[in-house]
Each structure stands twice: as C-alpha cells, then as structure tokens.
Amino acid sequence: MLIVTSIIASALTIIFIRLSFAVISLRRKNKIGLGSGGHDDLERAIRAQGNFAEYVPFGIILIACLELNGAPWWLVAIPGITLIIGRLIHAVGINQPPPDFSKRVLGMKFTFNTLISLVILNLGWSLYKLV
C-alpha cells in the first residue's frame, strides 16, 4: 500500500491546482488566451506552475518506489515533506518580482537536495533489501 505516497501526492496536487488557478485568474484578468502577453506577473505564475509540473513527478515516483520497496513510513515521509516545503517556497519566490530571488533559490535547493536524497535512499534501500 502506498499510504504515505498518497498523502504526499495529494498535498502536492492541491498546490498544483492552486498554481493553476493563479494562471487562469491572471489570464482572465489580462484577457490572454495563450502565453503571457508580456505581463510579468502572468509569466511568473506560468513558470511557477510549469516548474512545479517539471520537478514534482520525479519526486512522487521516487517516493512511491521507496514505499513500495518496504522502507519505513518515516523514511518515506521526511523527503515527501521536504519536497512539499521546497515547492511551496519556490512558488512563493518565483511569484515575487526580481531582483530578490532568495526564496526561489531556497526552494530549488530544497527540491534538488530532496531529489538527490531520494535517489540515494532508493539505491541504498534497494541494496539493503538485496543483502
């Protein structure tokens, strides 16, 4: 059963829906059917949603693999929580106008470190189970 993965994936899906609604709202406000129409706030919202969609699937897959391979719930939950935190911080940071990219960078650090940790955890747990 993928109980922990289901909870993490559900939380991430809620965030993705929120990011999607932000894009829709700004497109309606600015009467833009496709692209950003040169509106910086819409461009940031589009990239926040797109960036989320680009990174989160890898995290969910790796979290699910870890749980399917029988890792303890806490070993699955901790990287899941850090992925959620990283994606939230990044979304807030990317939606703030430049030049302050500190939250965006922090969010990406959380995300990359989580994905790297998940790769290491999956490989390590697989070797542990094989031996």
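User: Which way do H3 and H4 run relative to each other, roughly parallel or roughly antiparallel?

Analyst: In this predicted model, the axes of helix H3 (residues 73-94) and H4 come within 7 Å and cross at roughly 160°. Axes here are lines fitted to C-alpha atoms, for helices over the stretch in contact, with angles running from 0 to 180 degrees between N-to-C directions. Angles under 35 degrees count as roughly parallel, over 145 as roughly antiparallel, 65 to 115 as roughly perpendicular and the rest as oblique. So H3 and H4 are roughly antiparallel.

User: Before going on, what are the ground rules for numbering and confidence?

Analyst: Residues are numbered from 1 along each chain as its sequence is written, and side-chain values use heavy atoms, with hydrogens and water left out. As the model is predicted, local features need pLDDT of at least 70 and side-chain atom pairs count only at pLDDT 80 or more, while totals for chains, interfaces and linings use all residues.

User: What pattern does the chain follow along the sequence?

Analyst: Helices (H or I, at least four residues) and strands (E, at least two) are DSSP runs, numbered from the N terminus. The chain has four helices and zero strands. Read along the sequence, that gives α-α-α-α.

User: How do H1 and H2 sit, roughly parallel or roughly antiparallel?

Analyst: Helix H1 (residues 3-30) and helix H2 (residues 40-68) have axes that come within 10 Å and cross at roughly 170°. That crossing angle is why H1 and H2 count as roughly antiparallel.

User: Which residue classes make up the contact of H1 with H2?

Analyst: Ala, Val, Leu, Ile, Met, Phe, Trp, Tyr, Cys and Pro count as nonpolar, Asp, Glu, Lys and Arg as charged, and the others, Gly among them, as polar. Sorted that way, the contact of H1 with H2 has four charged, four polar and 20 nonpolar residues.

User: What is the phi of Lys31, and is the residue buried or exposed?

Analyst: Lys31 sits in the loop between H1 and H2. Most residues other than glycine have a negative phi. Buried means under 20% relative accessible area, exposed over 50%, and partly exposed in between (1.4 Å probe, protein chains only). Lys31, not a glycine, has a positive phi of about 55°, and with a relative accessible area of 77% it is exposed.

User: Which side chains meet in a salt bridge?

Analyst: The rule asks for a side-chain nitrogen of Lys or Arg within 4 Å of a carboxyl oxygen of Asp or Glu, and the count by it comes to one. Both partners are partly exposed: one, Arg47, at 30%, the other, Glu54, at 41%. The N to O distance is 3.2 Å, and the pair is Arg47 and Glu54.

User: How is the aromatic pair of Trp125 and Tyr128 classed?

Analyst: Rings of Phe, Tyr and Trp (its six-membered ring) pair if their centres lie within 6.5 Å; planes under 30 degrees apart count as stacked, over 60 as edge-to-face and the rest as tilted. The structure holds three aromatic pairs, and in this one the rings are 5.0 Å centre to centre with 40° between the planes. Both residues lie in helix H4 (residues 102-130), three residues apart, about one turn of the helix. Trp125 is buried at 16% and Tyr128 exposed at 56%, and the pair is tilted.

User: How far apart in space are Ala64 and Met1?

Analyst: Ala64 lies in helix H2 and counts as buried at 14% relative accessibility. In sequence, Ala64 and Met1 are 63 residues apart; in space, C-alpha to C-alpha, the distance is 9.7 Å.
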